Amino acid sequence: MTFTEKQTDPTAPMHWRGDMQADYFYPNGVAGDKFFKHLMEKDSFLATKCKKCDKILFPARLYCEDCFEEIPDEDWIEVPAAGTVRLFTVATINAQGKKMEEPKVIAMINIDKTDGAMLGIINTKELKRDFIGVNVKAVFRPKDKREGTLKDILYFEVV
Amino acid sequence: MQHYLKKTNTTEEQCASVVVKNKKNAFANPYADYEAKITIEDVMCSEYLFKPMKRLDISSNVDGAVCFVLADEETARNLGADLIYLSGFGWSSETPWLSTRGMDASYATKAAKMAYKMAGITEPRKEIDIVEVDDRFSYKELQHLEAIGMAKPGEAAKLLEEGELDVKGSLPTNVSGGSLGVGNCLEATGLQKSLEIVTQLRGHAGKRQVPNAKVGIAQAWRGIPSGSGAVAIFGR
Amino acid sequence: MKKEVAVIGAGMTLFRRRLKETGKELSYLAAKMAMEEAGIEKSDIDMVVMGSAPDAFDGIHMKGENLLDGAAGVGKPYVRVFNGGGTGVFGPIAGWWHVASGVADVCLVVCEEKMGSCFPHPQTAFRHIWDPILDRPLNPNLVWLFAMEMNRYMTVYNIKKEDIARVAVKNKRNAVGHPCAQLADPNITIEDVLNSEMMAWPVQRLDISPPSDGAAALIFCNKDKVRQFTDDPISVAGVGWNIDSTMWTNRDLCFPRYVANAAKMAYKMAGITDPPKGIDFAEPYDPFDYKELHHMEGLLLCGKGEAPILTREGVTQRDGNLPICPSGGLLGVGNPIAATMGQKVCEVYWQLAGKAGKRQIPGDPQLGVGQAWGDIMQMATVMALRRG
Amino acid sequence: MAEEKKYEGYPKYAPGTHVSTKDITERKITYTWWEPEVQYAWSLGPAMSRFLQELKAGKIVGKTCNKCDRVIVPPRMFCEYCFGPTGEWVDLKDTGTVETYSISYLDPDARRIEEPILIGVISIDGASPQHGFMHYFGEMKPEELKIGMKVKAVWKPENEREGSITDIKYFKPLKGGEE
């Protein structure tokens, strides 16, 4: 079956425009709540140890995704808010696809003393540098301004 | 991309030649929307969006729909269909946590393993005549060829340079033009690739026909939020 | 060639307006409970199905992927299915076909929903279900749709509101025995329902199930291999699904013919020729009280317009001849869209296995039917389970 | 989870932690807030494009399916029942019958409103039975609205129409003898 009728009137409407309006509230979760409450007080991270898989999971979680065992309270550990760059990219466009005024260095950072990593922005002017293997540490908002979200980490800086 | 380039010693130029090949292949595909005659230099000179990824390493979006009708063998015969068998399929997902995920396309390896087992394929490189792998980004074509066992780790770029991935090569890959040439039809990509295999196996591919294609493999991928991949093997 | 399929475990979380757990964590809690009942570990699971309704509720694009680690999907063949409210039974149907086709021996099905994420109200997400060109410019609220269907049903079959309110009373009272229930009420009366706040005539506050967060899980197993888990298996007797035209203003809303089509498909597979006789109890989808009646008729458990009479005569009570929604349904336990698998299929399993505790139907039931319904009044999904 | 209360029967426990409005306003739990911004341009396709264009001209049009012998409104390019292409365009009347209705005290975000909205499905005269669309009712009291009553479209003035379903303001009762 094909549509034999074609629109030939150039003034006929082609599209209907609209948006999707809704705001979202995401509780950080049982593990996330503990992780972010810690972050509001301290300049370090929490991770969880899975004894069965012999792995330190970062960020901290309620369960191990590999063996599916629940993590008991005593296996929560504090780790430094620092790590090593595993991979990075220099982004020149933003989430909307628009050109950014200043390119940003976005890195996948292996967090020290864990088997996990996180994404972070590296605060730097050195856009041509190879950051792989470079040590970085997190820079936080002042403690009284923290809200318990990822935005409490302002950026990472080279140590 | 950075991980793949480092790990396999593949260069940005080699990724660029994937783009050149696929956009050229697309000239022979009437459904393709992004056919172009370009050079490696054109790709290398396009602006960096996310270093090392350049504008032309990324496939552009396209609208489209693909439809398949499946039937059991007897029904299909009665309908007088030109029989193409779905002889194996597989799919697999990795973790959605960026913090713990791997970067070696293990989703594709696992999916292919499941599909090969079902199809009874033990030596994919020898038994499969034509390949359509996901190429939404240029390096992905090379990475996926290796992940599904059609090339050894780090070997794909060499095969590409030797012309083996061309229509007339020993491992014709993304003859349709792939996502880089046809356009990235998002969730319809897997069917676009499957359609190309079926068209080729039926000998209906016209100017881009791969001679004597009897077994073909289609692979699709999605990277966010989890790395997930699916593989389908078709045979005459 | 088709394999027989059995259920070996089920689980569900608390259902509440808002839960602190993330969607992943809820999925984990439900999946873990089902795995505990079955006595299996993650490595015993071959494949995983996730059922979760449209992304707009959780507000996470491609949320099926986001949830997969909580559903034991890491490194496994994993697929998400959804058809709106129909997902609560469609998830299990997908689980069934993974095993029935022979590609998996053990398949875990997890269904999750977090409606508390959407602000100011889950209705805000629901407005995006309407056709953007024809309906959305009129600024519709989803309740309108059900109000209009309810009105049509009441008018065509001359049904009184109090006969519909009886369903809400029954289900909220049934839910008293359910540990996960959000709106159980042992003392609710018909007057309470009829006097509750008017939302969109004829729908009042207590005619509607509450939006909820929650998750549920089920584990299916190839029946040839079920003996290592149980000597008294519960098997899938039949499955059916059907969808009607999206153009809902082009059909009569008084009878859900798509439910009847889905039911006939499932009954044929199950060898049920005379529906009310071959079926001991049912869990029809009850997001609104009239929907239970509508769906009983669609499931061919009675004639058109007769469901309110059966309800009035007490036939559908837990100790009646044809218990309907013994779990407490969506009206009593809560309505986390896809996760209503907990009432619609997990409950049928627990009842047949004699494990329903305070909610147990007397008389050793042998066959039960779960049904869900979704999209714009067009999708029906049905699963029948039986002992043995 | 260990601290959960055990029940006889299944489910054996009910894991999950309820969050109250107070927990949120007093920030007893941490959470992340997100306001997505997305814009869409939905393709109309030939059938809906013409339908909207005709509404702008003050006319309701439908399309036939000759195989199923029906006159369809809203019009579409294919018949979803026989899956064949639809046939000729048909001018319909701007009158119809109330198929069903509701009186709504809720706005789209489920907030309460004082003046109820009268809403329903109208089968359009000239189309097959039960073929129509959703719209508002006006110039009547809520208690006057009945299933089966005849209604007529009230159009926006020509210069305010923009090719939208809202070019019809609402449907009003059709008085005897009126066309």
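The model is predicted, so to read it: local features need pLDDT of at least 70, side-chain atom pairs count only at pLDDT 80 or more, and totals for chains, interfaces and linings use all residues. Residues are numbered from 1 along each chain as its sequence is written, while chains are lettered from A and ligands numbered from 1 in the order in which they are written.

**Who touches whom**
- Chains C and D share the most contacts of the 5 pairs of chains in contact; here, a contact is two residues whose C-beta atoms, placed from the backbone, lie within 7 Å.
- Chains B and D don't touch, with their nearest C-alpha atoms 11 Å apart.

**Where B meets A**
- Chain A puts 13 residues into this contact, and chain B puts in 11 residues.
- On the chain B side, helix 1 (2-8) and strand 1 (48-50) are the elements giving two or more residues; helices (H or I, at least four residues) and strands (E, at least two) are DSSP runs, numbered from the N terminus.
- Strand 1 of chain B supplies the largest share of that side, 3 residues.

**Strand pairing in chain D**
- Strand 6 (residues 95-106) of chain D runs antiparallel to strand 9 (residues 150-155) of chain D, over 3 bridges; strands pair if DSSP finds at least two bridges between them.
- Within strand 9 of chain D, Lys152(D) is the bridge partner of Thr95(D).
- Strand 9 of chain D also pairs with strand 10 (residues 168-173) of chain D, in the antiparallel sense over 5 bridges.
- Over in strand 10 of chain D, Tyr170(D) is the bridge partner of Val154(D).
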